Amino acid sequence: MAGLIRDEDIAIVRERARIDEVVSDYVTLKNAGGGSMKGLCPFHDEKSPSFHVTPSRGFFHCFGCQAGGDVIKFLQEIDGLGFAEAVERLADRYGVQLRYQEAGPGEAARPRRDGHLRPRLLEAHKAAAEFYVDALGSQDAATGRQFLSERGFDGEAAARFGVGFAPRDGDALYRHLRQKGFTDQELVVGGLVAQGQRGHYDRFRGRLLWPIRETNGDVIGFGARRLFDDDRIDAKYLNTSETPIYKKSHVLYGIDLARRDIARASQAVVVEGYTDVMACHLSGVPTAVATCGTAFGDDHGRVLRRLLQDHDEFRGEVIFTFDGDAAGQKAALRAFEGDQNFAGQTYVAIEPDGLDPCDLRLQKGDASVRELVARRVPLYRFVLGNVVGRYDLDRADGRVDALREAAKLVSAIRDRSKVEAFARELAGMVGVEIEEARSEVRRAAGRAARPQQDRRGRPAGPAVEAAPERPPSQPMPDLRDPRFSLERETLKLVVQHPDVVGAATRDVDGDDFTHPVYRAVWEAVAACGGPTAAPATEVWVSKLRDNVEDGPVAHAIGALAVEPVLSAKDPDRGYVNAHVFRLQELTAMRRIADLKSRLQRTNPVEHPTDYNRMFGELVALEQHRRTLREKAIGGDAG
């Protein structure tokens, strides 16, 4: 077949292309030990990372969905490219000059880019973005510059975010891109140009433009703001329509600028508009992103989860900013329904005066935007508070109705581990006993399940009041459940490397381990004098086993002694501290949650002494948690 890329050039591409760099454009990778890196798989939805990349071998593999291959295969799968197209993109990135096989008799050699639409569309969008940026400095764009200035954005800010202007001429961009060699088909399919009865015309005219980019910085679309009264399109904002490279349910404005800060801070702030993203970044909140002409959905959540490294072992934080009006409350409810997609915490930040981040920065300064994010409240509490607030809780029937309505939301949560905490919060909000709230949540779950049973063909039958339910006895959790991976890794260090652990665990106790078996292992360690009293490793393991009866705890000690530590090198004090202090931080977080729950149920007027005492304990605990976090991150030995 004529026009194929030469095998030796493909080999050079494979050799030069660093798979960890390429994958990191789409997935946040962390060291997994043994020369491997891991993250959340981009090819299927998961809450614990099973996607591994081995840079030394140039391969990736997901133990969850079994996807795997080399760097070329990764690009093919992630971006839907053909083999040659993926090779060409990597060659461009790593400076490899590709050669093509000689054409046979009567055959034409395949031009490098012909037949590959995606790279051409990306090139067209890059050229369009540059054209729009240049146009922002024209006389025709004075209104656009004034719009930015009135919102506190100068020329430097516009340049930082690539803001541009679409000339009011009907075909200025079309003529510019045609001169650069792009075809009518490429411009129409890419959404930059439309075709009418009189010919081709620019999709955006007389509007301020924001480039929408992928995580790797490629421009794939635009958001356009109306400026002129005579604009024939009334919509304030227009966005690129669906194209082969632009899917609005998968893109977030600002993700290219925020991705590294999101991964570093384990936090993402979701705002509502392009200017809000600009305001946040300029105010010192560089983790802000926004959806593009659509509500925040499950696919957006998957994008953030991969960047946040949000899973049961390492939980991220997502903060939504909504207006305080009815529309904002509706948006918060939608976000609450998607809350279960995140392993970490979701919050909402509402400005009391109803100002969005852009107006807030303009009226009150940069610090006020940072304070808005810092004053976040748990999303579930905000949503439940809105539902409960619709009813008169001074009336018995009002409390019944509020409890019944809010219980529907609580019962719909798929993550059953969160239901108990939500039910307790609900009891405090409505002013009923905790067991009454639990019972109503169970009844709401039963009412939701019965119609599903009927749809499966089972007879509905008359409604019968269910007998009080007894919670079923829970089986022992799997020791390898990702929820306990931090406990497992910490104990592996204690069992295998007691000399490195040393006194780092002096403040650790049984309450730091939530799995009963791991708690028992730690109690055996403590009974033997702790890591500082450990003899040689082989003797230490035997001593621990001899201190427990034969059974699950003894088996766990044996497994902990032979399972490799998840470190690429011999663990040092920094690696130990990162695990030990993170373990203690999680304990502090559990105690903070318990204390907040008690505060929620305590009336400060009726019980001021208890309330003030608990509040003081909460402040001290929060300071302790922050100290532990700093030590975990910085490897401080204390």
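The model is predicted. Across the whole structure, a search finds 41 salt bridges.

**Strand β15 and its partners**
- Strand β15 (residues 345-349) has four of its five residues buried, so the rest of the structure largely encloses it.
- With strand β14 (residues 317-321), β15 forms a parallel pairing over five bridges; here Thr-346 of β15 stands opposite Val-318.
- With strand β16 (residues 377-378), β15 pairs in the antiparallel sense over two bridges, and Tyr-347 has Pro-378 of β16 as its bridge partner.

**Helix α22**
- Helix α22 (residues 516-527) has twelve residues, which at 1.5 Å a residue should span 16 Å; the end C-alpha atoms are 16 Å apart, in agreement.
- The buried residues of α22 are Val-517, Tyr-518, Val-521, Trp-522, Ala-524 and Val-525.
- Viewed down the axis of α22, these buried residues fall within an arc of 155°, so they line one face of the helix.
- Gly-529, which follows α22, has a positive phi, near 100°.

**Salt bridges**
- Asp-70 and Arg-14 form a salt bridge, with the closest N and O atoms 2.6 Å apart.
- Because Asp-70 belongs to strand β5 (residues 68-70) and Arg-14 to helix α1 (residues 7-16), the pair ties together parts 56 residues apart in sequence.
- Asp-70 is buried at 14% relative accessibility, whereas Arg-14 is partly exposed at 39%.
- Within helix α10 (residues 255-265), Arg-264 and Asp-261 lie three residues apart, about one turn, and their side chains meet in a salt bridge (2.9 Å, N to O).
- Arg-264 is exposed at 61% relative accessibility, and Asp-261 is partly exposed at 24%.
- A network of salt bridges links Arg-582, Glu-585, Glu-622, Arg-625, Arg-626 and Arg-629.

Notes: Residues are numbered from 1 along each chain as its sequence is written. This is a predicted model: local features need pLDDT of at least 70, side-chain atom pairs count only at pLDDT 80 or more; totals for chains, interfaces and linings use all residues. Side-chain values use heavy atoms; hydrogens and water are left out. Buried means under 20% relative accessible area, exposed over 50%, partly exposed in between (1.4 Å probe, protein chains only). Two strands pair if DSSP finds at least two bridges between them. The expected span of a helix is 1.5 Å times one less than its number of residues. The arc is that of the directions from the helix axis to the C-beta atoms. A salt bridge is a side-chain nitrogen of Lys or Arg within 4 Å of a carboxyl oxygen of Asp or Glu.
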